[in-house]
Structures are given as structure tokens and as C-alpha cells.
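Student: I would like to learn how the terms in a structure description are decided, one step at a time. Could we look at the model together?

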Amino acid sequence: MVLKGKIAIIVAGIALMPAAMCFAEVPTDVSGKHYRLDEQRQTAELTYLSYDSLNVDAYRGVLDVPAEVQVDGAQYRVTGVTPFACVYCEGLTSVSLPEGMTRIGFGAFSDCPNLAAVSLPTSLTTLGDWAFYRDGALQQATVPEAVRRVGAATFAFCTSLAKVEIPRGVKSIAQHAFYYCPALNEVLIPGSVDQIGEYTFAYCTGLTKVQMEGFPIAITEDVFEGVDVSACTLVVPTDQVEAYKEAEVWRNFNIVDGGYEDLHEVFDDELLSSFEMKIVGTVLYLNVIGDAPVLVYNLQGQRIAVAASHSGEHRIPLSHGQYIIKCGRESRKISL
């Protein structure tokens with residue numbers, strides 16, 4: 001089984017990573033963990049072994065990363081994990097990352113075959129491409145609510161991954177994100193998601209249920225390549241059943257009415273007042289609070305209008321019909 005598409009080109013680069021880890025000696029704390037330091041900001045990122053070392057021995061067993069570390073007598077806040085920090089750590093079994101950390105870099109925990117448990121902080125905003133690629137022992141994952149994008153091949157070839165929680169607020173799930181996760185049998189895709197990349201759930205052969213909280217997203221057939229979608233239940237909002245029955249790819253699923261409506265979805269209580277609206281005839285007037293753009297979609301998932309991303313009043317002329325309005329992490333359905 002190999003990844004398909006342009007992303008497959010990167011595989012060769014990952015295979016050569018140990019040879020590419022030829023940096024100057026990497027600072028360590030008293031526990032032996034390795035860090036890349038930013039002395040000006042007084043921050044640190046967990047990183048790999050020193051010059052000319054194979055990363056397989058960098059970390060073993062339980063890796064509990066602290067929120068602050070002391071290196072050479074100076075104190076640093078731990079804010080991230082560098083690209084490839086723990087790649088090929090065969091003895092790594094568990095990872096716990098601290099609150100305050102915001103970034104996991106490209107391939108940070110890829111090819112850790114015995115990594116079975118991961119605890120990610122709620123402060124995390126960036127989950128890098130290939131972060132947990134080919135971690136065959138990983139059984140479940142919860143994507144933090146502040147993450148807006150599930151990266152390319154982030155969980156690809158996680159063959160034991162049976163449960164994943166994608167939070168409301170994620171905007172896109174990139175290509176190959178869950179490629180060949182045969183133990184994954186159920187997934188909920190929040191209404192905030194408006195883009196699903198190529199081969200995202202390809203060869204998730206155990207997939208029996210997909211729940212969509214929003215309107216049909218335009219996807220290509222390869223998103224579910226290798227999955228028997230006719231035997232897979234697709235649970236959708238009551239007012240979106242007909243739209244899914246007409247939508248490319250989605251109409252091939254066993255579509256079931258979920259008994260709820262895609263109406264006024266709110267993903268974050270702090271953003272309840274992200275926009276106020278009124279309708280006069282076929283003109284939508286919006287008063288935006290904050291810098292999030294206002295996006296207007298038809299029920300087929302096509303974006304038909306975008307209002308400027310700044311606070312103030314915006315005027316959007318529309319035709320008669322039904323639309324989904326999204327702004328920040330709030331979503332509403334309207335009828336004109």
C-alpha cells in the first residue's frame with residue numbers, strides 16, 4: 001500500500017531523515033531531553049538528538065514534556081515540537097505534551113511503531129503534516145479545539161487507530177490525513193469543515209459510519225477510495241437529506257436522516273456575537289464583530305460570496321433561496 005498523488009514524493013525525503021540530522025550539538029535539560037532554544041524569546045521546542053546521531057534512541061518509553069525547562073541555568077517556556085523531533089523513535093510508547101505548547105512540526109512523531117497513546121494540549125493550534133504518520137500502535141486521537149487544519153497524512157497508516165475526535169472549528173482536513181486507517185470505523189465531520197482533501201479516508205476499510213453536521217462538501221471520489229460506501233451509513237441533518245442524495249460521491253452512501261437540523265451551529269460560546277444579521281428583500285445585511293470573513297454557501301456546498309474580513313456592516317445581495325452563512329466558528333442557515 002502506497003500513498004497516491006503528489007504527496008507520495010515526500011516519502012523519499014522522510015526515509016533519508018536520519019542522515020539529514022547533521023546539526024550542531026543540541027542543548028539538553030537535566031532529564032536528557034533535547035531542545036532548540038530561542039534565547040531572545042526565552043522559548044524552547046523539543047527536538048532530536050545531536051550531530052551525527054540516529055534518532056532511534058532519542059526518546060524511549062513515556063515522554064512527558066514539561067511546560068518549562070532549565071538549560072544551562074536559564075529558564076525557557078516549551079512552545080512546540082520541531083519537525084522530525086521524534087521520528088523513528090521505536091521505543092517510544094506514550095507522549096504527553098504540556099499546556100502552552102502551540103505547534104507540532106512536520107513529521108514530529110512519524111514512524112514511531114510502538115507509540116500507543118498521545119495527550120495533546122488544548123493550547124495546540126498547529127498540527128503539522130505527517131505528524132503521526134505510520135504510528136501503527138496509536139489507538140485513538142483527540143484533535144484540540146484550537147486546531148483549524150488537520151494536516152496532510154497526519155494519521156496516515158495508523159493501522160490501529162479506531163477512534164478520532166475532530167472538533168468543531170476545524171476548517172479543513174488535508175489530503176491523505178487518515179489514509180489507510182483500517183481500524184477506524186466511525187468518524188464525525190463537524191459543520192465547520194468546508195474542505196476535505198484527496199484520499200483523506202482512502203482504504204479505511206473498517207469505516208461503517210460517517211456523520212456530517214453540515215451541508216454537502218464538494219469532494220472527489222478518491223476521498224473514500226477502497227471504502228464500500230454503499231455499506232457505510234451517512235448520517236446527515238434533516239434539512240440536508242435531499243442535498244446529500246443529489247451530491248456527487250455522497251449520494252453513493254447509505255444516507256440516514258440524523259433527526260437534527262443544520263441550523264445556527266455555534267462552535268465557540270465566545271463567538272456567539274461574531275455577527276448580527278438582518279434580511280431586507282433579497283439583501284443580507286451583516287454587522288461583523290471581529291476580523292473573521294463572512295462566507296456564504298448554497299446548499300450544494302458552493303461558496304457564492306465573501307464579505308471583507310474586518311468589523312463593520314456589510315451588504316450582500318442574493319437571489320431567493322436557502323443559504324449557509326459562516327463567520328469565524330459560527331454557522332447559520334437562512335432563507336430568502
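**Reading the terms**

Tutor: The lining of the largest cavity is made up of 5 nonpolar residues, 2 polar ones and no charged ones, where Ala, Val, Leu, Ile, Met, Phe, Trp, Tyr, Cys and Pro count as nonpolar, Asp, Glu, Lys and Arg as charged, and the others, Gly among them, as polar. Please keep in mind that this is a predicted model, in which local features need pLDDT of at least 70 and side-chain atom pairs count only at pLDDT 80 or more, while totals for chains, interfaces and linings use all residues. Residues are numbered from 1 along each chain as its sequence is written, and side-chain values use heavy atoms, with hydrogens and water left out.

Student: Which residues line the largest cavity?

Tutor: They are Pro190, Gly191, Val193, Met212, Gly214, Phe215 and Ile217, and the space inside is about 40 Å³. A cavity is a set of points on a 1 Å grid over the protein atoms alone where a 1.4 Å probe fits but cannot get out, and lining residues have an atom within 4 Å of a point.

Student: Why is the pair of phenylalanine 84 and phenylalanine 106 called tilted?

Tutor: Rings of Phe, Tyr and Trp (its six-membered ring) pair if their centres lie within 6.5 Å, and planes under 30 degrees apart count as stacked, over 60 as edge-to-face and the rest as tilted. Here the centres are 5.5 Å apart and the planes stand at 55°, so the pair of phenylalanine 84 and phenylalanine 106 is tilted.

Student: What makes phenylalanine 84 count as buried or exposed?

Tutor: Buried means under 20% relative accessible area, exposed over 50%, and partly exposed in between (1.4 Å probe, protein chains only). Phenylalanine 84 has 12% relative accessibility and therefore counts as buried, whereas phenylalanine 106, at 25%, counts as partly exposed.

Student: How are phenylalanine 178 and phenylalanine 201 arranged as an aromatic pair?

Tutor: Their centres are 5.4 Å apart with 0° between the planes, and the pair is stacked. Phenylalanine 178 lies in the loop between β13 (172-173) and β14, and phenylalanine 201 in the loop between β15 (195-196) and β16, so the pair ties together parts that are 23 residues apart in sequence. Both phenylalanine 178 and phenylalanine 201 are buried.

Student: How do you know that strand β16 pairs with strand β17?

Tutor: Two strands pair if DSSP finds at least two bridges between them, a strand being a DSSP run (E, at least two residues) numbered from the N terminus. There are 3 bridges joining β16 (residues 209-212) to β17 (residues 233-236), and these strands run parallel.

Technical notes
Helices (H or I, at least four residues) and strands (E, at least two) are DSSP runs, numbered from the N terminus. On a 1 Å grid over the protein atoms alone, a cavity is a set of points where a 1.4 Å probe fits but cannot get out, and a pocket is an open set with protein on both sides within 12 Å along at least five of seven lines; lining residues have an atom within 4 Å of a point. Grid points are joined across faces, edges and corners, and a volume is the space filled by probe spheres set on the points.
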